[in-house]
Structures are given as C-alpha cells and as structure tokens.
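Biologist: I've got a model open on my screen and I'd like to learn how to read it. Could you walk me through it?

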Amino acid sequence: MALALLILELLSTPTTAVAQEETPSIDVAALLGQPAGSPVEGEELTRRTLEVGSLMRCPVCQGLPISDSPSASAITMLSQVRDLLAEGYTQSQILDYFERSYGEFVLLQPKAKGFNLLVWLAPVLVVALGLYLIRRRLAVASDSSPSHDPDLDEYLQRVRSEVDS
Amino acid sequence: MNRVALVVGGIIAIPLLVFLGLGFGHDPNVIASPLIGKEAPAFALRDFDGNPLELAAMLGKPVVLNFWASWCQPCVIEHPYLLRAAKQYEGKVSFIGVVPSEDREEAVNQFYSRFGSWGPAYHDSDGKVSIAYGVFKLPETYFIDAEGTIRYKHAGPLDPVTISETLEGLL
C-alpha cells in the first residue's frame, strides 16, 4: 500500500509540457459515455483510486491488484483510474471500461451472474450437503443403538453386584 | 450412502470436475479478447518525430496493429516476419507499430538500426491505447478489417502462417 501511495504521489505531479499539449490518445467518452458521478480531487481522489485499484487484477502479475503491483502496466492502469475518477466517472463505469478491453479477467471479484454464480452457491450447497449427511448419519446411529432388553439388564445387574462384592 | 446425498453430491461435483477438466486443457497465457468482432477503439498517437497518426485515417484497408517494445525479446522473433509482410502487402494493408510509454526514442532507433524497420513506432505516451486494446504482454497484434472491426488478436510473437492466413481472410 505504501508503494501504491508513492506511485500515486508521482502520478499526481505535473506531466511534461509535451504531454500536456497533446490531444488525448483515446476518447474515453466515446467508449464509456459521459461521467455519471462528480469529479473527485485531493486526498479523496487518492483514497478512491486505491479503492477502485484494489478491485482490479494486474494483467502481468499473479493475482495482485493493480493498487499493490509495481509493474509498469499496473501503474499505467492505476493512473488511468485516477484520471477517470478526477473526471467524475463512477467506480462502476471505470470497472466497465477496463472489463470492456481486458474482459472479466480484470475484475478480482467476478460478477455474481451466469456460471460465476457457482462460486457463491457451491460453498453453501457443500455445507448444506455436509449438514444433511451428518444429520442422516446421526439418525441412523440412533436407530441402530441397542434396544432395551430386560434379560440383558438383569445380567448386567448380576455382573455389577459380583464386581462390587 | 444415501441415494439423495449421492445425487446432490453428483450435482455439485460433476460441474466442478468438468470445469477443472476444461481448465487443464486451457493455456492460461491465452485470454480471449472481448474486443473481437467489435469496433476498434479510435486513437491518436505520435511517432518520436512528432508525426501524428489516427486510426480512422488508416481504415479503408485492413490494419495490423502491433504492440511491441525495444527490450522485448519475443518482438525480435516476430520482427522479420512483420518486415516481410509489410513489404508483401504494401499498399493493401496498413501496419502500425505502437511502443509503450516506458520505451525511448534512442532504444527504438537502436532496435531499428539492428533489425530493420517496417514503419514508424508510435509512442503510447500515457499508456491509454494499450489499455483500450486490453494489452497484457508484449508483443500483441490486432488484425482490424477495412471497416474498423477487430477480427483477430494474436498474443505472443507472430509467425508467417498466422500473418498470411489472417490477412488473406481480410483482403
């Protein structure tokens, strides 16, 4: 996180004059539409950038969010997250933008729909099945416990009394 | 075991096994691009001499959009094939090379003087074009048809067969 904060600090410093003069390389509004939220700035911008960045997978790392990765790709992506938040794009719009080009791979938390539902439902189903099996086993064990036998009771009584004497 | 438990267990286990089975047969480095069949994101870039390029101006014929870098070894492997293809399809296909923000003019020029050049390298100075195309690892190449639709993405170094077969399908 400290690394991410340092990177964000660097990203927030003014860029070169050449970069400022250039027209945007990509027209984000043409791909994403107009911002649906309000522009964010200052510390709130840093906090929101890290928050949104923590939801996105670094494309060249092993399961790391872009907010925790020192790779050039992750830094570039984090920089664009910051730019989009500063323009007023919402978290949902930003995630949609990256998903549009990288696919669902980029989302560290897959959407709960379609086949992905299995990720949420499978643990519940497995626990339910386990509980059901335990209950069944207990019921079977209780049914198969020795029945009350008066002859056996009498025999046990005799054994106890002999042992005691 | 109870019949109901067996059925429920099967309902859970079989899809998981199928899912895992499919996963074992899948190369984790190959991630399908969601952009295939969609309009290529429009972009405007400059080469290191400041000359502008807009994708829109290149359409009307197929475009080979190659993301590479001067330090990338797999890019060295595909470079001769791109050189040959750029010559073979000159006038019929546009070849655009894009290098990442970290690349430098001197390094790119050094690469060109060593291996030859099939066109200027356009500098993705803010990295946003690479993001818009969902570039994972270099090199990656997008084949865009004359109307501006992305038809194929190739991850890793290109080979002559892939280049010719894909371009023949677009011409």
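This is a predicted model: local features need pLDDT of at least 70, side-chain atom pairs count only at pLDDT 80 or more; totals for chains, interfaces and linings use all residues.

Biologist: How many helices and strands does the secondary structure of chain A come to?

Modeller: Helices (H or I, at least four residues) and strands (E, at least two) are DSSP runs, numbered from the N terminus. Chain A has eight helices and zero strands, so its pattern along the sequence reads α-α-α-α-α-α-α-α. Of its 165 residues, 21% count as buried (20 or more other C-beta atoms within 10 Å of the residue's own; 12 or fewer is exposed, in between is partly exposed, and C-beta atoms are placed from the backbone).

Biologist: And how do I read a pair of helices, say α4(A) and α5(A)?

Modeller: Two packed helices are described by the angle between their axes and the distance between the axes. Here the axes of α4 (residues 42-53) of chain A and α5(A) come within 9 Å and cross at roughly 125°. Those axes are lines fitted to C-alpha atoms, for helices over the stretch in contact, and angles run from 0 to 180 degrees between N-to-C directions. α4(A) and α5(A) are therefore oblique to each other (under 35 degrees is roughly parallel, over 145 roughly antiparallel, 65 to 115 roughly perpendicular, the rest oblique).

Biologist: Which residues make the contact of α4(A) with α5(A)?

Modeller: Contact means C-beta atoms, placed from the backbone, within 7 Å. α4(A) brings A:Leu45, A:Arg48, A:Thr49, A:Val52 and A:Gly53, and α5(A) brings A:Leu78, A:Val81, A:Arg82, A:Leu85 and A:Ala86. By class that's six nonpolar, two polar and two charged residues (Ala, Val, Leu, Ile, Met, Phe, Trp, Tyr, Cys and Pro are nonpolar, Asp, Glu, Lys and Arg charged, and the others, Gly among them, polar).

Biologist: What about the two chains: how many residues of chain A are in contact with chain B?

Modeller: 27 residues of chain A are in contact with 31 of chain B. On the chain A side, the elements giving two or more residues are α3 (28-32), α5 (72-87), α6 (91-102) and α7 (117-143). α7(A) gives the most, with eight residues. That side has 17 nonpolar, six polar and four charged residues.

Biologist: Now the sheet in chain B. What is the order of its strands?

Modeller: Strands of a sheet pair through backbone hydrogen bonds, either parallel or antiparallel. Two strands count as paired if DSSP finds at least two bridges between them. In chain B, an open sheet of seven strands runs β2-β1-β5-β4-β3-β6-β7, with mixed pairing. β2 (52-54) and β7 (150-155) stand at the edges, each with a single partner strand, so one side of each is left without a neighbour in the sheet.

Biologist: Can you show me one pair of each kind?

Modeller: β4 (residues 94-99) and β5 (residues 121-123) of chain B pair in the parallel sense over three bridges, and B:Val99 has B:His123 as its bridge partner. β6 (residues 140-144) of chain B and β7(B) pair in the antiparallel sense over five bridges, with B:Thr141 opposite B:His154. β6(B) and β7(B) form a hairpin with five residues between them, and B:Gly148 in the turn has a positive phi of about 100°.

Note on methods
Residues are numbered from 1 along each chain as its sequence is written. Chains are lettered from A and ligands numbered from 1 in the order in which they are written.
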